Amino acid sequence: MPYIVALTGGIGSGKSTIANAFAALDIDIVDSDVIARQVVEPGQPALAAVSQRFGDEILHLNGSLNRGVLRQKIFSSPQDKSWINKLLHPFIHAETRKQLALTRSAWCLWVVPLLVENHLQHIADRVLVVDVDRETQLARTLCRDGISREQAGNILVAQASREARLAAADDIIDNSGSPEAAIARVAELHQHYLALAAAIDRD
Ligand code: ADP
């Protein structure tokens, strides 16, 4: 396995922005949101299991998952939500390990918004938290997603607290300043991770 740095942070903290900056340094990225979608693509066993349980109404006509309908179903039923999570977990885990093993850069970045919520820290060698205060997080999320302040606030409340995330951090990027300041910090951390990865010889 490569040297794995997990990147996490709350909604609107700047994870995608920071991940792009590492990608520009030729670091391979594994994205847990992408994997969560890939495991329920048409033809995947997880989608077959989901449609067997909920019926064809959770599928679009072209056979892909209708996320809106599924979201409604699990919103109103904690049992269904827990069933889905249990079903998907091993598929997501296996795909994550596969994609991490396929990376070729000196170390790799695993972007995982729900790292702390799902207690996934043990998979990574290092945890990097993108941190901004709540107001900045809200303002940037509103600006990006065009949702109401109330909706954004509800999403924030459902996520791990800033304190819980910071408690899991080995390294922190304070993204409350300019994008240039964050990029400078990314370059500094990249050097640090190159040294850490080189010190661990796993091959
Ligand atoms: P996340 O992936 O954590 O949800 P994003 O990277 O999408 O967050 O950032 C949220 C929004 O804030 C985006 O519109 C992004 O362009 C903007 N943004 C990110 N970092 C900064 C920064 N340092 N200064 C100003 N705006 C930023």
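## Ground rules

Helices here are DSSP runs of H or I with at least four residues, strands are E runs of at least two, and both are numbered from the N terminus. By that count, α1 gives the most to the shell around the ligand, with 3 residues.

Keep in mind that this is a predicted model: local features need pLDDT of at least 70 and side-chain atom pairs count only at pLDDT 80 or more, while totals for chains, interfaces and linings use all residues. Residues are numbered from 1 along each chain as its sequence is written, and side-chain values use heavy atoms, with hydrogens and water left out.

## Around the ligand

So who sits by the ligand? The ligand is surrounded by 14 residues, and G12, K15, S16, T17 and R144 are the closest (a residue is near if one of its heavy atoms lies within 4 Å). That shell splits into 2 nonpolar, 9 polar and 3 charged residues; Ala, Val, Leu, Ile, Met, Phe, Trp, Tyr, Cys and Pro count as nonpolar, Asp, Glu, Lys and Arg as charged, and the others, Gly among them, as polar.

Now for the individual atom pairs. The side chain of T17 has an N or O atom 2.6 Å from an oxygen atom of the ligand. At G14, a polar backbone atom is 3.0 Å from a ligand oxygen atom, and at G177 a backbone N or O atom lies 3.0 Å from a ligand nitrogen atom. Of the 560 Å² of accessible area that the ligand has on its own, the protein covers 75% (Shrake-Rupley method, 1.4 Å probe). Two or more shell residues come from each of α1 (15-23) and α6 (134-145).

## Two domains

The chain divides into domain 1 (1-27 + 105-203) and domain 2 (34-104), with bounds from an automatic or database domain assignment. Their centres, taken over C-alpha atoms, are 25 Å apart. Domain 1 puts 8 residues into the contact and domain 2 puts in 7 (contact means heavy atoms within 4.5 Å).

Between them the domains bury about 680 Å², 73% of it on carbon and sulfur atoms; buried area is the accessible area (1.4 Å probe) lost on putting two parts together, summed over both. M1, S105 and I123 supply 58% of what domain 1 buries against domain 2, more than any other three residues.

## A look at E95

E95 is found in helix α5 (residues 78-102). Leaving aside neighbours within four places in sequence, E95 is in contact with I35, Q38 and V39.

Definitions and conventions:
Polar contact = N/O pair within 3.5 Å; in protein donor to acceptor, adjacent residues only side chain to side chain.
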